[in-house]
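Here are my notes for you to read alongside the model. Take the points in order and keep the picture open as you go.

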Amino acid sequence: MKYVCPMCGWEYDEEAGAPELGIAPGTKFEDLPADFACPMCGAEKAVFEKAE
C-alpha cells in the first residue's frame, strides 16, 4: 500500500519503506510513529491519504 501527503505529494510506499528516514522496507503505515511527519513539508501523519 502507498500513502500520499495531500499537501506536497510526497509518497510513502510500505514495500520500499523510507531507508533515508530510518524506516525499514515492509514497515506498514499504521506502524509508523504517531509523531511521523512528511519529510518534505512537515504535514502530520493523520492527513496522509491512501494512494489510488
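**Notes on the fold and its rings**

1. Let us start with Met40, which lies in the loop between E2 and E3. Strands here are DSSP runs of E with at least two residues, while helices are runs of H or I with at least four residues, and both are numbered from the N terminus. Met40 counts as exposed because its relative accessibility is 63%; the cut-offs are under 20% relative accessible area for buried, over 50% for exposed and partly exposed in between, with a 1.4 Å probe and protein chains only. Not counting residues up to four places away in sequence, Met40 touches Cys8 and Trp10, where contact means heavy atoms within 4.5 Å. From Met40 to Pro19 there are 21 residues in sequence and 15 Å in space, C-alpha to C-alpha.

2. A word on the source. This is a predicted model, in which local features need pLDDT of at least 70 and side-chain atom pairs count only at pLDDT 80 or more, while totals for chains, interfaces and linings use all residues. Residues are numbered from 1 along each chain as its sequence is written, and side-chain values use heavy atoms, with hydrogens and water left out.

3. Now the whole chain. The protein chain has 0 helices and 3 strands, so please look for the order β-β-β from the N terminus on. The C-alpha atoms fill a box of roughly 25 × 25 × 15 Å along the principal axes. The radius of gyration of the protein chain is 10 Å, which agrees with the value near 10 Å for a compact globule of 52 residues; this radius is taken over C-alpha atoms, and the globule rule is 2.2 Å times the number of residues to the power 0.38. Of the 52 residues, 31% count as buried.

4. Next, the aromatic rings. The structure holds 7 aromatic pairs. Rings of Phe, Tyr and Trp (its six-membered ring) pair if their centres lie within 6.5 Å, and planes under 30 degrees apart count as stacked, over 60 as edge-to-face and the rest as tilted. Trp10 and Phe48 form an edge-to-face pair, with 6.2 Å centre to centre and 85° between the planes. This pair links distant parts of the chain, 38 residues apart: Trp10 is in the loop between strand E1 (2-4) and strand E2 (11-13), and Phe48 is in the loop between E2 and strand E3 (49-50). Both Trp10 and Phe48 are buried.

5. Which kind of pair do Tyr12 and Phe29 form? Their pair is tilted, at 6.1 Å centre to centre and 50° between the planes. Tyr12 sits in strand E2 and Phe29 in the loop between E2 and E3, 17 residues apart, and this pair too links distant parts of the chain. Tyr12 counts as buried because its relative accessibility is 0%, and Phe29 is buried with a relative accessible area of 8%. Over the face of Phe29 lies Lys45, at 5.5 Å from the ring centre (the rule asks for NZ of Lys or CZ of Arg within 6 Å of the ring centre and within 35 degrees of the ring normal).

6. Finally, see how the rings come together. Ring pairs link Tyr3, Trp10, Tyr12, Phe29, Phe36 and Phe48 into a cluster. The largest nonpolar core has 12 residues in all, including Ala18, Ile23 and Leu32; such a core is a set of buried Ala, Val, Leu, Ile, Met, Phe, Trp, Tyr and Cys residues joined through side-chain atoms within 4.5 Å.
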